[in-house]
Amino acid sequence: MLLFVEQFLNGLQFGLLLFLLAAGLTLVFGIMDLVNLAHGSLYMLGAYFAATFTTLTGHFIGGVVLALMATLVVGMAVEVIAMRRLYGRDHLDHVLGTFGLILFFNELVRLVWGPAGMNLTLPAWLNTSVELLPGVHYSMYRLSIIIVALAVAAVLYLVVMRTRIGMLVRAGASNREMIGALGINIKLLFTFVFGAGAALAGLAGLMQAAILTAQIGMGENILILAFVVIIIGGIGSIRGAFIASIFVGLVDTVGRAFLPDILKLFLSSSAAATAAPAISSMLIYLVMAVVLIVRPEGLFPAASK
Amino acid sequence: MKRTLLATSAILALAMSPAMAQNKTVKIGFVSTFSGPTAVIGNDMRNSFELALDHIGRKMGGLPVEVIYEDDGQKPDVGKQKTEKLIQSDKVDFVVGYIWSNVLLASLKPVIDSQTFLISANAGPHQIAGELCSPYFFSTSWQNDQTPQAVGEYMNQKGVKTVYLLGPNYAAGKDMLEGVQATYKGKVVGHDLTKWPDQLDFSAELSKVRAAKPDALFVFYPGAAGVQFLNQYVQSGLKGQVPLYTAFTIDSLSLPRQGDNALGIPGAQHWVNDLPNEANKKFVADFKAKHKAYPSFYGAQSYDAVGLINSAVVAVKGDLSKKDAMRDEMRKANYQSVRGPYKYGNNHFPIQNFYLQDVVKDADGTLTLKTVATIVKDSQDQHAKKCPMKW
């Protein structure tokens, strides 16, 4: 039972991290109709910036804030320099263009930081574990990821649902042409949304950096999961992204945690140990396939276009 | 006039070539990982290989050495393709390298079928030590099971009653976990394989370890995964609760990034940078002078590959068509290995010592590895008896 609590937290933490990545992706996809494969590159940059700035300043929180701002600036610059050329074009052009950006950023990171990768060193108060319930020890750092991500989700919800800018974002997600026709400065809105998405990806990247280290190409694997999340959740929907990412995080973690033991009930021990990681990594794609069959628009699609 | 002369000499050269010795150079193909997160390993192997060539004046048996480096990208299919290219279009005399057991297993057949010598400078999957053993394969490293077997012995010595095993789900990961169980006498309370190479978050597995409450945890996570695993092991608070024993998880390449997380975590290795033989002192000192860092065991094995090949080429005086004579020479392991003298078993894997290594700070305050004790002497892998080759 205690193990289940701990595994639930693990799944929640992974899911919330996916949410930070998927939120930006789903907004950009839903509002700008832009398939942005380079979202993972911004995630990677967030990790590298955090590792660099915390070392330079010698201060963890300060370095993290600087890294967030740097990712926001890079995101906006990418939108102004590259993405604007891609709006209104075919999705295949988006995929080609942003795939080119992935290669560009990977090579840039290799030139600037070298091929070895970097480590984000945690301060002592985060690099430890806490006893949540009697007998349930949990990593302080993973716990703080859960808290930060929940806070960001709450702020995001308030901004999108309760502010004027959020109204524009929602309007853009339902009907892009119409808000342009109503005289809203679409260019500015797009730069803002893209920059905010980049900062969210950067936040996810820098939080992962302390667990997984900053590596070249670290964004590509997790980007696939983020796309799975927005497909399950419904494109353009923040609420859908939130629920779907927690769902995906739980399925992935619980699958990894309990599938080997379940398989051992009817397979030999070594066969189960080999088959379990393969099957558990397929689980989320099976879930996605089922969702696509039952609800092709996703679980919570943004208002129909 | 000049052109006529050139043409004449070209024709003459063509006409003469069959009469001259066939080999003007010793061509070596080197397959390793030079891109992606584990490129640091490939670069370290290349640096050590180049250093070894410099130490022998870049000549073997009077012939100049030519090396062609190929990147396998840590993928078996790419490794096989690059190996076939080296054999078919470059027509190399030796193929060297291979970090990953799954890449080596995929690449073995084209090399062996063409009767070219393959020297593995790292990977040692059990298949090649047993039923797939070949007269054209030699290892300058170890068989995968050997190092974890030594760790298993060490856990027996430390009186560890129960252990949890963790490793990646690929050829070497399975070998490593089998290896520990071959010598370890206590109880294995849990056993997990994780998706390789893209699963980097071990939260679910670490929670299971904590719930199982073992006396010790054994892991095998090579390359960058070793840094990620140690980060998470420390963050989860397990470092104070369940002691960690490792194979190929802490080395001089990962150590600068593992930092203090690695302090006090033991591992086993057939080579440590402070082994007190002359060849090793020269290798480590020159490597440090040139690259401002400690060489890794991957590098040491690549350095030895040059020594092994050189001994064979010198023995046949540069006539690389005498393959039987070269094989007979290599079987003697008649060169100055940086691990000290060793012998080959019938399957061409070394019979060698394994040492206990610990993480310490050197005189400059840099973290490095130190030999603490010899765990086993002259260990031979358990698969040798399945190899039909006798000599």
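Me: How are the axes and the angle of a helix pair defined?
Reply: Axes are lines fitted to C-alpha atoms over the stretch in contact, and angles run from 0 to 180 degrees between N-to-C directions. This is a predicted model. Here, helix 2 and helix 8 of chain A pack at about 55 degrees, with their axes 7 Å apart. That angle makes helix 2 of chain A oblique to helix 8 of chain A.

Me: Is the crossing of helix 2 past helix 8 of chain A left-handed or right-handed?
Reply: Helix 2 of chain A crosses helix 8 of chain A in a right-handed sense. Residues of helix 2, including A:Leu42, A:Gly46 and A:Ala50, meet residues of helix 8, among them A:Ala201, A:Gly205 and A:Ala209. By class, this contact has 13 nonpolar, five polar and no charged residues.

Me: How do I read burial along a helix?
Reply: An α-helix has 3.6 residues a turn, so residues three or four places apart point the same way. Now take helix 3 of chain A. Its buried residues include A:Val64, A:Ala67, A:Leu68, A:Thr71, A:Leu72 and A:Gly75. Helix 2 (39-57) and helix 8 (186-212) of chain A are among the elements that cover them.

Me: What span should helix 3 of chain A have?
Reply: At 1.5 Å a residue, its 22 residues, 60-81, should span 32 Å. The end C-alpha atoms lie 31 Å apart, which agrees.

Me: Which helix of chain B gives the largest share of the side that touches chain A?
Reply: Begin with the contact itself: 29 residues of chain B touch 33 residues of chain A. Helix 9 of chain B supplies the largest share of chain B's side, seven residues. That side divides into 10 nonpolar, 12 polar and seven charged residues.

Conventions:
Residues are numbered from 1 along each chain as its sequence is written. Chains are lettered from A and ligands numbered from 1 in the order in which they are written. This is a predicted model: local features need pLDDT of at least 70, side-chain atom pairs count only at pLDDT 80 or more; totals for chains, interfaces and linings use all residues. Helices (H or I, at least four residues) and strands (E, at least two) are DSSP runs, numbered from the N terminus. The expected span of a helix is 1.5 Å times one less than its number of residues. A residue is buried if 20 or more other C-beta atoms lie within 10 Å of its own, exposed if 12 or fewer, and partly exposed in between; C-beta atoms are placed from the backbone. Two residues are in contact if their C-beta atoms, placed from the backbone, lie within 7 Å. Ala, Val, Leu, Ile, Met, Phe, Trp, Tyr, Cys and Pro count as nonpolar, Asp, Glu, Lys and Arg as charged, and the others, Gly among them, as polar. Angles under 35 degrees count as roughly parallel, over 145 as roughly antiparallel, 65 to 115 as roughly perpendicular and the rest as oblique. A crossing is left-handed if the near helix is turned anticlockwise from the far one by less than a right angle, and right-handed if clockwise.
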